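Please read it with the sequence and the structure in view.

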Amino acid sequence: MTGSGTSEREQNFPALLERLRPECEQLVARYERKRSALLPICHLFQLHEGFVSKEAMRAAASMLDLTPAEVEGTVSFYTLFFRRPVGKYVLQVCRGLACSINGAEDLMAYFREKLGVGHLQTTADGTFSYEEVECLAACDRATCMQVNLEFVYDLTPQKIDEMLAAMRAGTYATSPMAQTEAPAATWSVPQDDQVATGRKSSGALGQPSPNNAGGVGDESGIIMLDRILAGDVGFYERTSERAVRDSRAVTEVVEAEKNGGNGASH
Ligand code: FES
């Protein structure tokens with residue numbers, strides 16, 4: 001942070017933007033609609049700044065005729081974009097089913113012990129950011145992870161030791177992330193804390209919140225279906241009717257079975 005209250009990165013941003021502008025324009029020119037260039041442009045900024053800063057989001061919005069909120073809405077949706085500075089190596093270890101069956105739990109514990117940090121945390125020296133993620137779609141090579149988005153397969157404790165040593169020595173095959181600002185203890189933005197708020201679909205299953213798209217308590221699909229089928233008939237009216245009808249039907253079947261009959265008598 002400088003005396004003017006802005007960080008060195010913020011001060012350097014206008015020069016970076018001018019340097020990247022021609023590349024951004026080329027990206028925009030590839031697509032029929034400007035907004036289609038949003039993801040590649042965000043990737044470009046993340047490549048140079050190590051994360052997608054607020055300045056980058058504003059610049060992308062202005063280049064693509066979008067609002068900053070639209071850009072932030074997209075960036076916050078994808079877990080591969082970071083809105084806060086991260087470590088030089090982002091270690092994303094798969095905790096999906098195939099990896100778990102093959103020992104991911106033990107390997108994650110090993111990582112946590114070796115790094116001294118937990119899920120969504122960055123080491124104090126800013127070298128490593130650690131995250132436990134859902135299936136990386138490489139189940140045939142479980143256990144696996146990504147380092148700065150590059151796959152590493154068939155993990156073992158020995159492989160982890162070698163990998164961390166090479167990263168610390170600066171000899172690891174995958175390049176470190178750009179680091180234009182020192183990372184904090186976590187890069188997670190508070191409203192993304194799915195366990196606390198249940199706001200996002202990914203990982204939010206089981207959170208009884210109507211804001212939890214796709215999770216328990218999410219009524220959006222049923223509401224939409226009801227709107228299509230029933231016009232003005234309210235959701236609650238219809239669902240309670242349906243609940244009564246369904247429970248009656250179940251009782252009738254059970255009763256019919258008890259009496260040795262068949263439940264479809266009427
Ligand atoms: S479960 Fe780990 S890659 Fe699919």
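A residue is called buried if 20 or more other C-beta atoms lie within 10 Å of its own, exposed if 12 or fewer do, and partly exposed in between, with C-beta atoms placed from the backbone. The model is predicted, so local features need a pLDDT of at least 70 and side-chain atom pairs count only at pLDDT 80 or more, whereas totals for chains, interfaces and linings use all residues. Residues are numbered from 1 along each chain as its sequence is written.

Helices (H or I, at least four residues) and strands (E, at least two) are DSSP runs numbered from the N terminus, and the chain holds 10 helices and five strands. Of its 266 residues, 23% are buried.

Helix H2 covers residues 38-49 and has 12 residues. Its buried residues are Leu38, Ile41, Cys42, Phe45, Gln46 and Glu49. Seen down the axis of H2, these fall within an arc of 140° (taken over the directions from the helix axis to the C-beta atoms), so they line one face of the helix. Their cover includes the helices H1 (8-29), H3 (54-64) and H4 (68-77). After H2 comes Gly50, with a positive phi near 90°.

The chain averages a pLDDT (the predictor's confidence in each residue, from 0 to 100) of 82, and 72% of the residues score at least 70. Two stretches are tabulated below, with contacts meaning C-beta atoms, placed from the backbone, within 7 Å.

| Residues | pLDDT | Contacts beyond four places in sequence |
|---|---|---|
| 192-218 | under 50 | 41 contacts |
| 262-266 | under 50 | six contacts |

Where pLDDT is low, the predicted coordinates should not be read in detail.

How values were computed: Expected span 1.5 Å × (residues − 1).
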